[in-house]
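Good morning, and thank you for making time for this presentation. Please look at the sequence and the structure as they come up, and I shall then take you through them.

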Amino acid sequence: MNFWMSIGYVIAGLVIGGFLGFYFTRKKFEKQLRDNPPINEKMIRAMFLQMGRKPSEAQIKQIMKSVNQYR
C-alpha cells in the first residue's frame, strides 16, 4: 500500500507542478509582450525615417506581411 501511495504522490506532484509551471510561464510571457510589444506599422515608419527614407505604404505592408508570416 505504501508503494502505491508514493506513486500517487509523485503523479499528483507532477500534475500540480505542470499546472503551476504553465500558469507562471503564461503570466511571464504576457508581461513580456506588454513590456516589449510586437512590431507594428508605426515602428516600421519610424525605422525608415531614422534611416533617412520615406517609406511607401506598399513597403510597409510588405514588411508587415513578412513579419506576420513568421508568427
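This is a predicted model: local features need pLDDT of at least 70, side-chain atom pairs count only at pLDDT 80 or more; totals for chains, interfaces and linings use all residues.

In the terms used here, buried means under 20% relative accessible area, exposed means over 50%, and partly exposed lies in between, with a 1.4 Å probe and protein chains only. Gln-59 lies in helix α3.

Residues are numbered from 1 along each chain as its sequence is written, and side-chain values use heavy atoms, with hydrogens and water left out.

Now the overall architecture. The protein has three helices and zero strands, and along the sequence its pattern reads α-α-α. The radius of gyration is 23 Å, well over the 11 Å that the globule rule gives for 71 residues, so the protein is more spread out than a compact globule. That radius is taken over C-alpha atoms, and the globule rule is 2.2 Å times the number of residues to the power 0.38. Helices here are DSSP runs of H or I with at least four residues, strands are runs of E with at least two, and both are numbered from the N terminus.

The dimensions can be stated directly: along its principal axes, the C-alpha trace spans about 75 × 20 × 15 Å. Of the 71 residues, 7% count as buried. The accessible surface comes to about 6500 Å², and 66% of it belongs to carbon and sulfur atoms. Such areas come from the Shrake-Rupley method with a 1.4 Å probe, and for residues only the protein chains shown count as cover.

Together with Phe-3, Trp-4, Ile-7, Ile-11 and Val-15, Phe-19 forms a nonpolar patch on the surface, with about 680 Å² of accessible area together. Gly-13 is also found in helix α1 and counts as partly exposed at 40% relative accessibility. From C-alpha to C-alpha, Gly-13 and Met-1 are 18 Å apart in space, and they are 12 residues apart in sequence.

Which residue forms a salt bridge with Lys-31? The partner is Asp-35, and the closest N and O atoms are 2.9 Å apart. A salt bridge is a side-chain nitrogen of Lys or Arg within 4 Å of a carboxyl oxygen of Asp or Glu. Being four residues apart in helix α1, Lys-31 and Asp-35 are separated by about one helical turn. Both count as partly exposed, Lys-31 at 45% relative accessibility and Asp-35 at 47%.

A search of the whole structure finds five salt bridges. As a general point, side chains of opposite charge can pair when their charged atoms come close. One of the bridges joins the side chains of Arg-45 and Glu-57, at 2.9 Å from N to O. This pair links distant parts of the chain, with Arg-45 in helix α2 (residues 41-50) and Glu-57 in helix α3 (residues 57-69), 12 residues apart. Arg-45 counts as partly exposed at 31% relative accessibility, and Glu-57 is partly exposed with a relative accessible area of 41%.

Glu-57 also forms a salt bridge with Lys-61, where the closest N and O atoms are 4.0 Å apart. These two residues both lie in helix α3, four residues apart, about one turn of the helix. Lys-61 is partly exposed, with a relative accessible area of 44%. Which residues make up the network of salt bridges? Glu-41, Arg-45, Glu-57 and Lys-61 are linked in it.

Note on methods: Patches are made of residues with over 30% relative accessible area and no salt bridge: like charges are joined within 9 Å, nonpolar side chains (Val, Leu, Ile, Met, Phe, Trp, Tyr) within 5 Å.
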